[in-house]
Amino acid sequence: MHPDLPNPTTLWGYLDQASGKNAYLGPIIAAQRGRPVMIRMKNTLPNKHPLPVDATLMGADNGAAQNRITVHLHGGLIPWTSDGGPFTWFTPTATGPNAGAGETFLNGLAGSPGVAQYYYPNNQSARLMWYHDHAIGITRLNAYAGLAAGYLVTDDVVNALTSAGIVPGLGYTVPLVIQDKSFKTVADQWGQPGDLWYPSVYQANSDTGETGRWDLGLPSDGYSNLGLPPTPSCVPEFFPDTPVINGEAYPYLQVQPRRYRVVVLNGSQARFYNLNLFYENKFNPGEPDFSRGGPAFIQVGNEGGLLPYPVVYNAPPVLIPTAADDSCDPNGPHSLLVAPAERADMIIDFSSCQPGDRLILYNDAPAPFPGGDPRNDYFTGNPDQTSEGGAPTTKPGFGANSRTLMQIQVVALQGSADPYNFASTLAILQSSGGLPKAYHDSHVPFGETDLDPNGPGVVHESKTLNEDFDSYGRLVQRVGTGTMLYKATYGRNYDDPPTEVYQDGQVVVWDIYNTTGDVHPMHFHLTNVQVLGHTPFDNVGDQFGTPTSALTRPDANYAGWKETVRVNPGEMTRVIMQFSLPKNLPSYVPSGGSPRFPGNAEYVWHCHILEHEEHDMMRPLVIRPNLT
Ligand SMILES: [Cu+2]
């Protein structure tokens, strides 16, 4: 991951057996809309996990194997047995449900232990997706260890934009998968210096005073009291100190003075990024010149495919204003803000740059977002925080640095000049025959019309995001409804009876009330959603909250469709979606329902801060098939 690391970093990952190629974040699957993909995943992992496993989390307990995996295609509209849900995990010896595998592992291959088959219909428009692990109790560790890879869907609409030269082609397309990692400096039972480090101690405020990180409380209703946190313990969030883009720490990217299509995916555990591009400071290499913004970003798509209108960022850069305690307003101002699992498909024109110019991709989002803790904000010359349990000052030219993500080096133009620049690209995209038409063409002919919250039969429900204390007094994030199951909290556990149960084809509006202090990027399996708006609320108590104003429209890059939605603290965010089960499946895709919910298809919805998802910010999503 970096030549200066003392040793190669041990990773887990996906290997393409056809080519034998073994690359971090790969193999990228290049799919076409309407053409299904089937993969067979063979689990050959060793017994011992490269990271500390907390055996008190559901699914990782009772002597559960540490080499459990399942593959979730994030953003795919997938039959439930191929969705890679938390209980579909399998080990190298798996032969069927509850036989070296989870209770809903139905996609094995007869006669081939440890193999799962996944069927992806690819009935969605062009977009960057990714496939990553989702095994219950160790998702956050498996993904951090490297079980994540890209999945790019192309379609006729984007191909036409590319052929016309409006969108740069694959030769000038750069995916930027932004993650963060920390590396061991001393050997321990999990590895040697240079290997990945992941926290395994719950640093409670109450027993470590100034150096603690998280509250420790009495267990909330619904939890028994099991004493103090174990070691290894899960933690409420992890903000590693080193940005890793496309598998490289502090990488550089060479570009010509022309346009590039840059597709950003935030694949981090918990960190949000507020992305700006500055020219490099000539007197302070590696650092931005805040007086000189770089080329603008034209965002044309997100996780749900193309946007209906282009959205411009970095013209000029917008740094986030923070208060003295390092917190910010989640409603802005901000630049291109990407939470974990969010994507941004952009066109950036470098033609105004000169060969030899250098630029810095810069992040200044507080972590956690929006509350902020200066100990998670690493930058050159930052204060020494060792007395508060943080890091020493970062020296110029060295890490840790969570702000200077990447350097861009402009090299000489090769071949003919680009026919379009920033202004002409934006003008074409803004015209009615540009992005509005492309958005229409990629959805409406496929029956994906805008959903109407006032339409007949639409169900309206309240959901809640809650923070509680678990059996060990640790912070736990939970999803609930507007009705309490336990006293004094709306939070429900993932394994409580399902509350999101719908008929195939049902259109549903959810008012999601965030009663916590964090922004939670909520991710929906099976469906994409439309964000109708958001508003503050009050009266969280015995009776559920009341919006205090009319809905505010979401950010401009939330138009169209989404599958990961930031829900701000103290706000209700309203989304609308339709739950439609994939149809016309080949016979090798198991039919029938989930053993956990007989007769019905089982999915989940959850926060994509991986430490939240795992503990316990996830709920079942159960869809009843239509009997014909
Ligand atoms: Cu969360």
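A residue is taken as buried when its relative accessible area is under 20%, and by this criterion Tyr118, with a relative accessible area of 1%, is buried in the predicted model described here. Tyr120 likewise counts as buried, at 1% relative accessibility. A search of the whole structure finds 24 aromatic pairs. In the pair made by Tyr118 and Tyr120, the ring centres lie 6.4 Å apart and the planes meet at 25°, so the pair is stacked. Elsewhere, one aromatic cluster is formed by Tyr502, Trp510, Phe524, Phe579 and Trp605.

Strand 5, which spans residues 112-120, belongs to an open sheet of three strands that are arranged in the order 2-5-4 with antiparallel pairing. The edges of this sheet are strand 2 (37-42) and strand 4 (108-109), each of which pairs on one side only. Between strand 2 and strand 5 the antiparallel pairing extends over six bridges, and Met41 is found opposite Ala116 of strand 5.

Strand 12 (residues 252-255) runs parallel to strand 21 and is joined to it by four bridges, with Gln254 standing opposite Gln409. Strand 20 (residues 358-363), by contrast, pairs with strand 21 in the antiparallel sense over five bridges, and here Leu359 has Ile408 as its bridge partner.

The loop between strand 20 and strand 21 contains Asn401, which at 3% relative accessibility counts as buried. A polar atom of the Asn401 side chain lies 2.9 Å from the backbone nitrogen of Arg403. When residues up to four places away in sequence are not counted, Asn401 touches Asp241, Pro243, Tyr250, Glu287, Tyr378, Phe379 and Thr380.

Helix 2, comprising residues 156-163, has Val157, Val158 and Leu161 among its buried residues. Seen down the helix axis, the buried residues of helix 2 fall within an arc of 95°, so they line one face of the helix. In an α-helix there are 3.6 residues a turn, so residues three or four places apart point the same way. The face of helix 2 that is turned away from the buried side carries Asp156 and Ser163, both of which are exposed. The cover over the buried residues of helix 2 includes strand 13 (259-266), strand 17 (305-313) and helix 5 (435-443). At the start of helix 2, the backbone nitrogen of Val157 is reached to within 3.1 Å by a side-chain oxygen of Asp155, while just after the helix Gly165 adopts a positive phi of about 80°.

The model also contains a copper ion, which is coordinated by the ND1 atom of His520, the SG atom of Cys607 and the ND1 atom of His612, at 2.0 to 2.1 Å. Along the chain, the donors of the copper ion follow the spacing H-x86-C-x4-H. Of these residues, Cys607 counts as buried at 0% relative accessibility, and His612 counts as buried at 1%.

Definitions and conventions. Residues are numbered from 1 along each chain as its sequence is written. This is a predicted model: local features need pLDDT of at least 70, side-chain atom pairs count only at pLDDT 80 or more; totals for chains, interfaces and linings use all residues. Side-chain values use heavy atoms; hydrogens and water are left out. Two strands pair if DSSP finds at least two bridges between them. Helices (H or I, at least four residues) and strands (E, at least two) are DSSP runs, numbered from the N terminus. Buried means under 20% relative accessible area, exposed over 50%, partly exposed in between (1.4 Å probe, protein chains only). The arc is that of the directions from the helix axis to the C-beta atoms. Contact means heavy atoms within 4.5 Å. A polar contact is a pair of N or O atoms within 3.5 Å; within protein, one must be able to donate a hydrogen and the other to accept it, and residues adjacent in sequence count only if both atoms are side-chain atoms. Donors are N, O and S atoms within 2.8 Å of the metal (3.2 Å for Na, K and Ca); water is not among the atoms, so sites may look incomplete. Rings of Phe, Tyr and Trp (its six-membered ring) pair if their centres lie within 6.5 Å; planes under 30 degrees apart count as stacked, over 60 as edge-to-face and the rest as tilted.
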